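Dear colleague,

Please find below the structure that I am handing over to you, together with its sequence. My notes on what was found follow directly after it.

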Amino acid sequence: MIEVFGIFVIGYILLSIILVPFQYRYIEEMKKMRKEHEKKGISQGEMFEEMEFEHQQLHLNAQGNFLFLLANILATILYKIKHRKKMVG
């Protein structure tokens, strides 16, 4: 039983590492979209309401799926580290 759990954990970690670049690009695009909509005076909620249904579902899956949790956390940390100077200044 412990071996099966170990294999599951190792597989989950490997999957998360593979997904980090995809989640990182997703975070970058969402930040760009948010900035563009802020310039227009549109709130984040309104931005999501304006999205097509398919994009809303993709966003929900990318952010809410348990399989992507570790990849989301790692990608967010990497994004914040890489863009630290831009956020402070």
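The protein chain exposes about 7,100 Å² of surface, and 68% of that area is supplied by carbon and sulfur atoms. Accessible areas here come from the Shrake-Rupley method with a 1.4 Å probe, and for residues only the protein chains shown count as cover. Of the 89 residues in the protein chain, 25% count as buried. A residue is called buried under 20% relative accessible area, exposed over 50%, and partly exposed in between (1.4 Å probe, protein chains only).

Please keep in mind that this is a predicted model, in which local features need pLDDT of at least 70 and side-chain atom pairs count only at pLDDT 80 or more, while totals for chains, interfaces and linings use all residues. Residues are numbered from 1 along each chain as its sequence is written, and side-chain values use heavy atoms, with hydrogens and water left out.

Overall form

The secondary structure of the protein chain consists of five helices and zero strands, which gives the pattern α-α-α-α-α along the sequence. Helices (H or I, at least four residues) and strands (E, at least two) are DSSP runs, numbered from the N terminus. The C-alpha trace spans about 55 × 35 × 15 Å along its principal axes. The radius of gyration of the protein chain is 16 Å, whereas a compact globule of 89 residues would have a value near 12 Å. This radius is taken over C-alpha atoms, and the globule rule is 2.2 Å times the number of residues to the power 0.38.

Contacts can also be sorted by separation along the sequence. Among contacts between residues at least 6 apart in sequence, 67% join residues at least 24 apart. Contact means heavy atoms within 4.5 Å.

Buried residues

Which residues does A75 touch, not counting residues up to four places away in sequence? A75, which lies in helix α4, touches V20, Q23, Y24 and I27. A75 is buried, with a relative accessible area of 0%. The C-alpha atoms of A75 and P21 are separated by 7.2 Å, although these residues are 54 residues apart along the chain.

Helix α4 also holds N72, which counts as buried at 9% relative accessibility. Residues up to four places away in sequence aside, N72 touches Q23, I27, A62 and Q63.

Y12 lies in helix α1 and counts as buried at 14% relative accessibility. Leaving aside neighbours within four places in sequence, Y12 is in contact with F66, L67, L69 and L70. By contrast, Y12 and F48 are 36 residues apart along the chain, and their C-alpha atoms are separated by 30 Å.

Exposed residues

Is F66 buried or exposed? F66 counts as exposed, at 54% relative accessibility. The place of F66 is in the loop between α3 (53-64) and α4 (69-82). From C-alpha to C-alpha, F66 and F22 are 16 Å apart in space, and they are 44 residues apart in sequence.

F53 lies in helix α3 and, at 55% relative accessibility, counts as exposed. F53 and L70 are 17 residues apart in sequence and 26 Å apart in space, C-alpha to C-alpha.

Charged side chains

The protein chain has 12 positive and 10 negative side chains, and the centres of the two sets lie 14 Å apart. Lys and Arg count as positive and Asp and Glu as negative, while His and the chain ends are not counted. The place of a charge is taken as NZ of Lys, CZ of Arg, CG of Asp or CD of Glu.

How many salt bridges does the structure hold? The structure holds one salt bridge, a term that requires a side-chain nitrogen of Lys or Arg within 4 Å of a carboxyl oxygen of Asp or Glu. In this salt bridge the side chains of K32 and E29 meet at 3.7 Å, N to O. K32 and E29 are separated by about one helical turn because they are three residues apart in helix α1 (residues 2-39). K32 counts as partly exposed at 47% relative accessibility, and E29 is partly exposed with a relative accessible area of 44%.
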